[in-house]
Amino acid sequence: MADSSPSRLRAGRVVLILGLLLVANSAYIAAFGDPNLFYVANALLHPLLGLAAVVALVAYLFQRNSKLRLTEPGMYFVYLSTGFGVFLAIVGMTRPHTLALYAHVGLAVGGLFFLLGHIGRLGRFAETRARFGRAYRTAAAVALASAAFYVSAAAYYRLRPDPEFQIQNPPLAPLNMDGEGGGPSSLLFPSSATTVDGKPIKSKFFMDSESCQKCHPDIYHQWSSSMHHFASFNNQWYRKSIEYMQDTIGIRSSMWCAGCHDHALAFADLMQKHPIREIEHTREAQNGLGCMSCHSIVHVNDTMGQGGFVMEYPPLDELASSKNPLLHWAHDYAVLLDPKPHRSAFLKDFHRNPRLVPEFCSACHKVHLDVPVNHYRWIRGFDDYDNWQASGVSGFGARSFYYPPKSQTCVDCHMPLVPSKDFANLDGFVHSHRFAAANTAVPTAYGDQEQVEAVEQFLKGALSVDIFALAAEPEGSAAAGGAYGQETPQLESTFAVGEESSTGLAGAPASVGPPSKLIAPLGRVDTSLHRGETVRVEVVVRTRKVGHFFPGGTVDAFDCWLEFQARDEKGRAIFWSGGVADHGRGPVDPGAHFYRSLQLDAHGNPINKRNAWSTRALMYTRLIPPGAADTAHFRLIVPAHVGNRITFTAKLNYRKFSWWHTQWAFAGVRDPRQPHPDVTPNYDDGRWVFAGDLSEVSAKDQRIPDVPIVVIAENSVELPVVNAGADHGPAPTSFAESLKLDPKDRERWNDYGIGLLLQGDLKGAERAFETVAQIDPKYADGWVNVARARVQEGNTDRAKPALAKALELNPRLASAHYFTGLVLKADGNYPAAYDEFAKAEAEYPLDRVVRNQIGRMLFLQRRYREALEQYKHTLQVDPEDLEAHYNLMLCYRGLRDDARAAREEKLYLRFKADEASQAITGPYKLAHPEDNNEAQPIHEHVSVAMEGLQGRPAYGEVRSQESEVRSKRAGARSALAGSREVRRGASSR
């Protein structure tokens, strides 16, 4: 019989061997996706094995007396699977061809079952049992083993994600910077960034983003305009700051910046060995952060920032970057044929898991300084992670004023889905790699209008401005401090502290008198202004589409301010605060209401050159938390000869960077009249002029760019003006309050109250929140906010009924339970307070402040070991939490564990604020009355002098604002007040 011939038996064995190899190969490449040569070889082998197995099977079936015919219905599974396989081998198994891949796999499995069934049937016949029975058993065993292998491997990786791609904070924070990252001997210290083996990675690895363009053209185009691309010495602002840094404190300290900004230089050990001026024009220095800078990170150490990540050189990069065209083609084809290794290498869990993405971003968007950088001590720099984590935006904060409908992460705002046909698209969308945030300066310098418009679109509407009310002169007096929150130590920080601290949404009481009388809300209540009267205009700025403090990032370097104008119907300006000199291109009115951090060096000079290492004292920081508000006050005298109507206009303006910093970055040179300036790591008493050479600046044109001012939000209100006396009645001798309550204004009243609460006007905040509760008695958060103000004042007895009402409306409201816990704590009822804090923790287990309060209640009951566990939970969220370390120190002392108590004391002292340093601010306050005014929690703004203001008559109060411009190139005079000049150098702004 033909079936028993030796040639036919050999052909059958070949078919069986090829088929079983194909099954095992398929199970392996389906179960794994490792970026190594063995996997890639198997992926490339797969289509060859499949084609060989099908050809051998068809050839076998062509022989005579075959028990299986080519036209059997089950064979069509094989034919169709082969067809889809050939199609995929040509076009690749990319996302647009996902359906073809599923069809190929499904049909192949169907064909396998059919062939196994056919072999099994042949094994039951006597004349074929010997041969086909054994073949069936072998084939079934291999198929079952392969299936079990795939299921086990898939389940293992799904149930147990790679620990390298998880982000876990250490149980103990380092005692100093030497314990961070790879330590003092590591490649990039004092940055925490390291490599897998501690060795350098060649520059070209970070400089080949163009190779990604072939498959990801849209993403590449977006990245080309992004600030990641312009993060290094192709950014003139950054370039100047590092030149100055190296001139002042040396090369090694500048690695603190390089770990997140200069990968092509720093990871290649170039920046460590050369002063930056020698290499800043090289391609490596101009590269910025390319695709590999984020996508080759294989581990993030923790959420302490500082570039705390581990970079790996992928083993397959030798193929990808090979100059051999055959090897390069083999790599590209392997990626097209099976993208899994490529995806495994460059898209880890922390790149796409919403829970891990913010922790990944924290590696470079949270920083602190310490002795190796500032020769002083630990200081928190900017921090865009912690406040997000503790807020309602993240969904982790228990005490927020507002919560979005759905919690949001960094990606939701800064990498939104945009249409794309890239291979990586999902349903026609990819995450934008423009990383639009707030930088219009760099794209302006390069003439990238598309990026400028994307950033402006992102900013506009992120906050709102509301000219809310007219207010009478406040009747209260300044307060020395408050009854609440004094047990809480303060963090040493140049940034703001929000919901990550128990005092973050609780400004110290600054007013103890009754609330100001109001006419509110404007636009709803009918009112008019009287000539000759003085009124205070209340303006509320509210964060809406912001997930962290506004502004964020390096808040010492921006111009971000609230501009307020009043004009009559003839266009005459009667009030102006926050104007900009030189027709909107110069410095901002120094008496404006700013949102920034004003820091001083050891000699009281402003930190205005990104010289954070010299920061020794904080003059003030004003930032707005997410889902919160700020209330600004403008004092206006209505002139006697004003027109019949006045229009108030308030604008929230943003310019990155500040005028002075931009002039300095492009043209700043030492004043030649001061040949030997007194400069140390602690201070810079030197003067600067803006007359430097512009021929080699990192920009498109050889000039100082006019950085645009973005109006993020604005609001206008028009009010009639009447005479006092005559037909309009007697001159007003007192302010007549007029309130109109409308359900549509609930949020306006709430925002106004939030702004007052955060600046310490507790009585004003209480009145605003009581109005909210009156407008909408079923709004539980309104009652909680009433209680907030009363608790903060120390009036806990009056807070109790408001909290009871809130819990009656919403028994699971975590903020109500939290503040009820504070009230019971003040009463000394620690067990009941513990129960209330525990209820809040059950809803928001990652709120560190709630955890700390639970620990505090346990500590006060001398349940020290239980308290320790709560504080350890806090440190899992933030290893640098000051309150946790303070209380751990106390707990260990209670347990008489002196060694651990001593360690916690060191950490507490490491992070605790240096109150004595505030003495530096004294002389500065005397010399800069506008900044001294801004530093007060509650303050008012008056107008600049109107004389000479664009030819218009003078109406407002006259305020002397002197400044001096010592720049041939700038030479700009203030168009707002002819006597104003802009200070340079040590006292420059």
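## The mixed sheet

Strand 9 (residues 518-520) and strand 24 run parallel and are joined by 2 bridges. Within this pair, Ile519 lies opposite Ser738 of strand 24. The description here refers to a predicted model.

The pair belongs to an open sheet of 6 strands with mixed pairing, arranged in the order 24-9-8-11-17-25. Strand 24 (738-739) and strand 25 (940-941) each have a single partner strand and stand at the edges, so one side of each is left without a neighbour in the sheet. Helix 24 (residues 746-759) packs on this sheet. The strands touched by helix 24 are strand 8 (463-471), strand 9, strand 11 (534-543), strand 17 (629-637) and strand 24. The direction of helix 24 makes about 90 degrees with that of strand 17.

## Packing of helix 2 and helix 13

Helix 2 (residues 37-62) and helix 13 (residues 325-337) have axes that come within 10 Å and cross at roughly 70 degrees. Angles of 65 to 115 degrees count as roughly perpendicular. The two helices, helix 2 and helix 13, are therefore roughly perpendicular to each other.

On the side of helix 2, the contact is made by Val40, Ala43, Leu44 and Pro47; helix 13 contributes Tyr333, Ala334 and Leu337. By class, this contact between helix 2 and helix 13 comprises 7 nonpolar residues, with no polar and no charged residues.

## The setting of Arg851

Arg851 is located in helix 30 (residues 848-860). With a relative accessible area of 11%, Arg851 is buried, the cut-off for that class being under 20%.

Neighbours within four places in sequence aside, Arg851 is in contact with Glu841, Pro845, Gln870, His873 and Thr874.

## The chain as a whole

The protein chain has 35 helices and 25 strands. Taken along the principal axes, the C-alpha atoms fill a box of roughly 125 × 70 × 65 Å. Of the 989 residues in the protein chain, 57% are buried.

Among contacts between residues at least 6 apart in sequence, 73% join residues at least 24 apart.

How values were computed: Residues are numbered from 1 along each chain as its sequence is written. This is a predicted model: local features need pLDDT of at least 70, side-chain atom pairs count only at pLDDT 80 or more; totals for chains, interfaces and linings use all residues. Side-chain values use heavy atoms; hydrogens and water are left out. Axes are lines fitted to C-alpha atoms, for helices over the stretch in contact, and angles run from 0 to 180 degrees between N-to-C directions. Helices (H or I, at least four residues) and strands (E, at least two) are DSSP runs, numbered from the N terminus. Angles under 35 degrees count as roughly parallel, over 145 as roughly antiparallel, 65 to 115 as roughly perpendicular and the rest as oblique. Contact means heavy atoms within 4.5 Å. Ala, Val, Leu, Ile, Met, Phe, Trp, Tyr, Cys and Pro count as nonpolar, Asp, Glu, Lys and Arg as charged, and the others, Gly among them, as polar. Buried means under 20% relative accessible area, exposed over 50%, partly exposed in between (1.4 Å probe, protein chains only). Two strands pair if DSSP finds at least two bridges between them.
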